[in-house]
Structure formats: structure tokens, C-alpha cells
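Please read them with the structure open.

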Amino acid sequence: MLQQIFPHPVYAEDQPSGYTILTIHCLHRGFTAGAILGSIFPLARSTFSAIVRRPTSVASLPWAARLLSSAAMGGLGGTALLVVGMTARMWGREEIEWQDRSWRILANRGQNREDDWSVGGILLGAVGMGIMARRGAGFTAGMPRWRYMVGGAAAGSILGTVGHVLTSSGSVQDVEDKVVAGEGPLKPKEAS
């Protein structure tokens, strides 16, 4: 996704929009990570409720609604946590450090492919859940439409990530091509 929007120069110090690229990347990764963790919660709660056999008000909702709601809240929470984490990590850093990290994100083919799969899943999930909520799908009753759309986006992000992992060849082409070609900041050392 990012490699299609932002240019990728030969050298990291020439990378424009370093702040923007790194921020978008961190927000996206936070959303996916939070969605994954948020999706685990209803599974654990259902298992615990089944073992203890105590019905709860949350358990009275359809399972799909609980999963989407938890994925939505997890995605938003993960995004918020990564905003704080990125701010703490990059506070006071020089512009070249932002440019270097951004350049490496754009140079990483595996990361770019994962982003493409994940963004596709986010869009399909959000639009699909928006349509289902508007048409009054049974499991969408009782919760705001925005939560189902965000939950659909979160589930789509997870499924996009899983799709990437299942279809990847297993080899990540990081900055290897540029190093082999003798380009970029990671030029091979010359023999003495």
C-alpha cells in the first residue's frame, strides 16, 4: 500500500514524507495487532463461561457480535497503544532516523505484500459489515453500526494477514535486492 503512494528513492536520506510513512505504518500495525488480541477475548470468555456455567450478559449476544465487537475495540485500543509507543520511541529523533525507518519499510517486499493483503481485508470487511448492518443482519442488532464496521475492518485485517502468511513463499525479500545490486545505504563492503 505505502509503496504505491510514496516514492522510494535509492538512498534513505532522500526519502520524502518519513514522518507520514512511519506513522501510517504504526497505526496500521497497531490496528491489526489489537484486532488479533481483541478477537482472543471472546474465545477465552466463552470457554470460561462454558466451564464455570455462569451465563453473563455478554454471553447472551450472538457469538459473531461478540467477536466483532471485541475485534473492533481491540483494533482501536491497539492503534491507540501504538500511537503512544511510536511517540515514546521516536520522540526527539532526527529526521534521518524517520527517513531511514520509512525507507526500510518501503524496501521490504514482504511487509508491502502483507500491507496490501491487510488493507484489502480492511476495506472488504468494513464495507461488508456496513452493508450487513444496514440490511439488519440478525447478529448486528443491539450495537451501533460503526462498531460492526470497525469490527468488520478488524476481522478483515486479521484475515488479510492470515491470507498473506498462507500464500507467501516463505522468503522475505527485505533490502536484499538493493544490496545485491550495490545500491542504497547498505552497499556491500569492497574487498581490500
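1. A salt bridge here is a side-chain nitrogen of Lys or Arg within 4 Å of a carboxyl oxygen of Asp or Glu. By that rule, Arg29, Glu114 and Asp115 are linked in a network of salt bridges. Keep in mind that this is a predicted model.

2. Start with the overall fold. The protein chain has seven helices and zero strands. Read from the N terminus, the elements run α-α-α-α-α-α-α. Of the 192 residues, 40% count as buried. Take the contacts between residues at least 6 apart in sequence: 76% of them join residues at least 24 apart. The chain exposes about 11000 Å², and carbon and sulfur atoms supply 65% of that area.

3. Back to the salt bridges. The whole structure holds four of them. In one, arginine 29 pairs with glutamate 114, and the closest N and O atoms are 2.1 Å apart. Arginine 29 sits in helix 2 and glutamate 114 in helix 5 (residues 109-134), so this pair ties together parts that are 85 residues apart in sequence. Are the two partners buried or exposed? Both arginine 29 and glutamate 114 are buried.

4. Aspartate 100 pairs with arginine 104, with 3.1 Å between the closest N and O atoms. Both residues belong to helix 4 and are four residues apart, about one turn of the helix. An α-helix has 3.6 residues a turn, so residues three or four places apart point the same way. Aspartate 100 is partly exposed, at 23% relative accessible area. Arginine 104 also counts as partly exposed, at 33%.

5. Arginine 93 and glutamate 97 form a salt bridge too, at 3.0 Å from N to O. Arginine 93 has a relative accessible area of 28%, so it is partly exposed. Glutamate 97, at 24%, is partly exposed as well.

6. Now the aromatic residues. How many aromatic pairs does the structure hold? There is one. Tyrosine 19 and tryptophan 98 make a tilted pair, 4.7 Å centre to centre with 50° between the planes. The pair links distant parts of the chain: tyrosine 19 is in helix 2 (residues 18-52), tryptophan 98 is in helix 4 (residues 95-107), and 79 residues separate them. Tryptophan 98 is buried, because its relative accessible area is 10% and the cut-off for buried is under 20%. Tyrosine 19, at 41%, counts as partly exposed.

7. Helix 3 passes a simple length check. It has 28 residues (63-90), which should span 40 Å at 1.5 Å a residue. The end C-alpha atoms are 40 Å apart, which agrees. Just after this helix, glycine 92 takes a positive phi of about 80°.

8. Serine 69 is also in helix 3. With a relative accessible area of 10%, serine 69 is buried. Leaving out residues up to four places away in sequence, serine 69 touches Met143 and Arg147.

9. Last, the surface. Ile36, Leu37 and Ile40 make a nonpolar surface patch of about 280 Å². Isoleucine 40 is found in helix 2. Its relative accessible area is 46%, so isoleucine 40 is partly exposed.

Technical notes
Residues are numbered from 1 along each chain as its sequence is written. This is a predicted model: local features need pLDDT of at least 70, side-chain atom pairs count only at pLDDT 80 or more; totals for chains, interfaces and linings use all residues. Side-chain values use heavy atoms; hydrogens and water are left out. Helices (H or I, at least four residues) and strands (E, at least two) are DSSP runs, numbered from the N terminus. The expected span of a helix is 1.5 Å times one less than its number of residues. Rings of Phe, Tyr and Trp (its six-membered ring) pair if their centres lie within 6.5 Å; planes under 30 degrees apart count as stacked, over 60 as edge-to-face and the rest as tilted. Buried means under 20% relative accessible area, exposed over 50%, partly exposed in between (1.4 Å probe, protein chains only). Patches are made of residues with over 30% relative accessible area and no salt bridge: like charges are joined within 9 Å, nonpolar side chains (Val, Leu, Ile, Met, Phe, Trp, Tyr) within 5 Å. Accessible areas come from the Shrake-Rupley method with a 1.4 Å probe; for residues, only the protein chains shown count as cover. Contact means heavy atoms within 4.5 Å.
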